[in-house]
Amino acid sequence: MSDTPQSPVTVIRNAAYIVAWDDLAQSHRLIENQDLAFAGDRILQVGGQWIGPVTEEIDGRDRLVCPGLIDIHSHPSSEPMNKGMLDELGSPGLRMSSLYEFMPLFRPDLVGTHAASKVAFSELALSGVTTIVDLSVAYEGWVDILAASGLRAVAAPMYRSARWFTKTGYSVDYDWAADDGRAAMAEALEVIDTATAHPSGRLSGMIAPAQIDTCSAALIQDSFAEAQARGIPMQIHAAQSMVEFNEITARHGRTPIEWLNDLGVLKPGLIIGHGIFLNDHPWAGWPGSSDFTRLAASGAAVAHCPTVFQRRGVAMRSFGRYLRGGIPMGIGTDTYPHNMLEEIRHALINSRLMSGDVYDIRAADAFNAATIGGAAILGMPDIGKLAPGMKADLFLADTKHRAMRPLRDPLNSLIYVAGERAVTDTFVDGRALVRAGAALAFDIDAELDGLEAAQRRAEAQFRELDFRHRSHDQAAPITYAKGKDA
């Protein structure tokens with residue numbers, strides 16, 4: 001116990017279970033029927049009985065207390081609007097990806113962007129997330145919305161040298177900017193500076209050249225140099241689709257992983273968004289390379305986002321293999337719903353499917369990736385664990401929720417069954433973002449109304465943007481045809 005703190009003290013009294021940090025074992029461990037206290041933005045005590053002053057007491061008898069989850073790859077400003085549109089949509093001629101043919105056709109306007117972001121931030125908090133990496137294209141009001149969310153947020157403004165598009169549905173073209181994306185990079189750095197200087201102290205930045213196939217060699221190298229000079233990570237989408245794999249091998253005769261290495265950026269400080277299509281992936285068929293060995297030896301990290309890929313029959317092979325290979329692994333949401341507990345569950349199930357081994361990965365492995373793994377990748381040693389002196393970033397789940405019972409292993413019940421339905425409270429820096437199952441930062445129902453209106457506006461523009469001149473209903477038919485009244 002520390003000296004009497006000056007800040008108000010919150011105590012979770014007699015918590016049924018706490019996922020506490022064991023510093024000696026360097027591991028999470030489960031303790032029962034003990035207290036957790038925090039004041040200001042820091043945890044004071046984990047375990048035992050708090051006997052100091054108390055400002056607020058939370059009855060923990062039916063609660064599981066967990067470290068806040070860390071989402072290292074998300075797209076809040078656009079993905080929520082894709083719900084109902086991209087669920088079952090891919091391009092057969094582009095190896096079932098929806099990136100090139102459909103995603104450019106269905107984007108929110110600024111009002112929709114604001115609504116999408118607020119919906120996503122609310123969903124994240126409701127699923128126990130306390131830290132996010134927001135990979136968005138810079139938009140007006142972004143930093144203010146990040147701050148208002150209450151989350152610990154890393155602004156990662158994306159920029160690139162070229163935009164992609166398809167005129168056929170089976171080939172991809174690139175329109176290269178005359179300035180190689182330098183103006184967009186300068187704007188991104190200004191956003192990062194603004195976020196880092198924000199008085200909340202919860203915001204920071206990340207360098208984010210968008211995709212390996214849309215960025216020139218010079219832009220990637222200069223971006224990494226900027227990240228290294230600032231002491232912050234860089235994230236780039238790479239090895240995320242077969243279109244990209246084939247594009248990079250056609251341009252350079254090298255796999256995406258090999259080309260990153262040739263550029264001198266495949267090293268600690270780099271986060272690879274997705275990293276699925278290595279040369280030994282069954283779809284790639286690129287013998288003679290050693291992507292997995294090269295990646296494992298590099299110190300570069302991978303952001304694993306299983307949900308968006310499993311919709312299109314794509315999966316990493318396998319998450320367990322990457323972990324055992326020593327590759328730093330974190331988990332991200334990437335798509336709707338912004339639900340980290342669901343992503344953790346999908347990471348576990350997909351890894352077993354791809355490996356054919358029920359013992360390929362355990363719940364603790366994925367939970368570690370979503371907590372201490374993400375913290376290490378982001379260079380934030382004071383989050384991702386519940387211990388004295390750590391940030392007061394945590395969430396509570398109801399052990400009496402029907403989906404948690406019968407209760408034997410609380411974390412397994414949360415991950416495999418109950419998910420976000422059991423989450424009752426989420427705190428960041430000791431401030432509540434969710435209480436009694438309600439998100440506090442934004443009026444999520446009002447923002448969903450705004451998001452639906454943005455969907456309707458995007459639908460109205462779909463046909464004129466589509467090279468085939470389809471309506472949105474022709475491209476993505478409603479599940480059952482709408483019948484006429486009898």
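Visitor: Where is Asn14 found?
Guide: Asn14 is found in strand E1, residues 9–22. Strands (E, at least two residues) and helices (H or I, at least four) are DSSP runs, numbered from the N terminus. This is a predicted model, in which local features need pLDDT of at least 70 and side-chain atom pairs count only at pLDDT 80 or more, while totals for chains, interfaces and linings use all residues. Residues are numbered from 1 along each chain as its sequence is written, and side-chain values use heavy atoms, with hydrogens and water left out.

Visitor: Why is Asn14 called partly exposed?
Guide: Buried means under 20% relative accessible area, exposed means over 50%, and partly exposed is in between (1.4 Å probe, protein chains only). Asn14 has 30%, so Asn14 is partly exposed. Its phi is near 55 degrees, a positive value in a residue other than glycine.

Visitor: What makes Asp180 count as buried?
Guide: Its relative accessibility is 17%, which is under 20%, so Asp180 is buried. Asp180 lies in the loop between strand E10 (173–176) and helix H3 (182–196). Its phi is also positive, near 65 degrees.

Visitor: What makes Asp443, Asp445, Asp449 and Glu452 a patch of negative charge?
Guide: These residues gather on the surface, and Asp and Glu count as negative, as Lys and Arg count as positive; His and the chain ends are not counted. Patches are made of residues with over 30% relative accessible area and no salt bridge, with like charges joined within 9 Å and nonpolar side chains (Val, Leu, Ile, Met, Phe, Trp, Tyr) within 5 Å. A salt bridge is a side-chain nitrogen of Lys or Arg within 4 Å of a carboxyl oxygen of Asp or Glu. The charge is placed at NZ of Lys, CZ of Arg, CG of Asp or CD of Glu. Areas come from the Shrake-Rupley method with a 1.4 Å probe; for residues, only the protein chains shown count as cover.
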